[in-house]
Amino acid sequence: MLQHYSPYKVAENFHVLESLAPNRVDLGIGRAPGGLPHSTKALQQGNDMRPLFEKLIELEQFLHDKLEPTHPLHGLKAQPIPRYPLHIYLLGASTSSASVAANLGFSYVFAQFINSDENTIAEAFKTYQKNFNMEKGTPHSILAVSLIVTDTDEEAKELAADAKIVKIHLESGKTLTLPSVEKAEEYGKQAGENYTITTHDANIIHGSQETVRNTLLILQQTYHLEEFIITTPIKDFNKRLYSYKILKDAFSELIPR
């Protein structure tokens with residue numbers, strides 16, 4: 001949540017993590033501030049309120065120790081300097097976030113569990129891949145999805161039916177996704193403006209190993225993806241663990257040994 005923090009603080013924190021676990025840490029940036037209005041206000045008191053695009057540029061400069069000579073903080077280093085430079089992944093759910101990631105040469109993650117509109121997803125990845133700054137490397141497209149896999153399609157359907165998406169629509173025109181109706185109501189009260197709340201069935205890929213495998217392979221081919229990020233909204237821990245296990249088994253022949 002870069003909007004809450006200075007690029008220097010984020011760079012130092014992740015340099016510590018990377019130094020503790022070399023070549024095992026990725027730096028993911030969310031564009032939305034997250035949280036309720038009061039917590040956002042508390043986190044941002046006295047903070048650097050520059051546009052996110054500017055903060056992303058400065059963050060990358062700190063990560064690679066390449067602050068411009070004209071920068072007022074030139075010479076400052078985000079310690080410790082790790083052996084392997086960190087890579088930035090930008091999370092978004094719109095074509096605007098795809099454009100930012102392409103322009104800066106970052107890996108791009110589309111949050112399908114937040115925005116499941118197929119036209120928007122297709123346009124975002126098309127924008128990202130077409131406009132990617134090739135001087136920074138090659139595009140890396142990732143789709144983040146909610147997924148439940150079980151022994152049968154019927155059982156997976158029952159588990160998926162428990163998950164809901166709650167959205168709050170503010171009078172100012174802003175729409176946000178919240179984890180529950182209670183959180184949405186609290187957000188509306190703290191925002192201090194009129195609002196409406198809607199609840200929908202969550203967009204969850206679900207089914208047996210074969211069903212889910214085929215669905216993911218189709219998505220990979222459709223959007224030219226390098227990776228998926230998976231979240232599994234099953235309340236029961238053992239069932240959630242089992243879902244991850246058989247998902248791994250479904251793609252076992254593709255996993256390097």
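Mentor: A residue is called buried under 20% relative accessible area, exposed over 50%, and partly exposed in between (1.4 Å probe, protein chains only). Asp-201, with a relative accessible area of 58%, is therefore exposed. Please note that this is a predicted model, in which local features need pLDDT of at least 70 and side-chain atom pairs count only at pLDDT 80 or more, while totals for chains, interfaces and linings use all residues. Residues are numbered from 1 along each chain as its sequence is written, and side-chain values use heavy atoms, leaving out hydrogens and water.

Trainee: What does Asp-201 form a salt bridge with?

Mentor: A salt bridge requires a side-chain nitrogen of Lys or Arg within 4 Å of a carboxyl oxygen of Asp or Glu. The partner of Asp-201 is Lys-164, with the closest N and O atoms 2.5 Å apart. This pair links strand S5 (residues 164–170) to strand S7 (residues 195–201), across 37 residues; strands are DSSP runs (E, at least two residues) and helices likewise (H or I, at least four), numbered from the N terminus. Lys-164 is partly exposed, at 41%.

Trainee: How many salt bridges are found in the whole structure?

Mentor: The search finds 4. Among them is Glu-60 with Lys-136, at 3.2 Å between the closest N and O atoms. Glu-60 lies in helix H3 and Lys-136 in the loop between helix H5 and strand S4, so the pair ties together parts 76 residues apart in sequence.

Trainee: Is Glu-60 buried or exposed?

Mentor: Glu-60 is buried, at 18% relative accessible area, whereas Lys-136 is partly exposed, at 40%.
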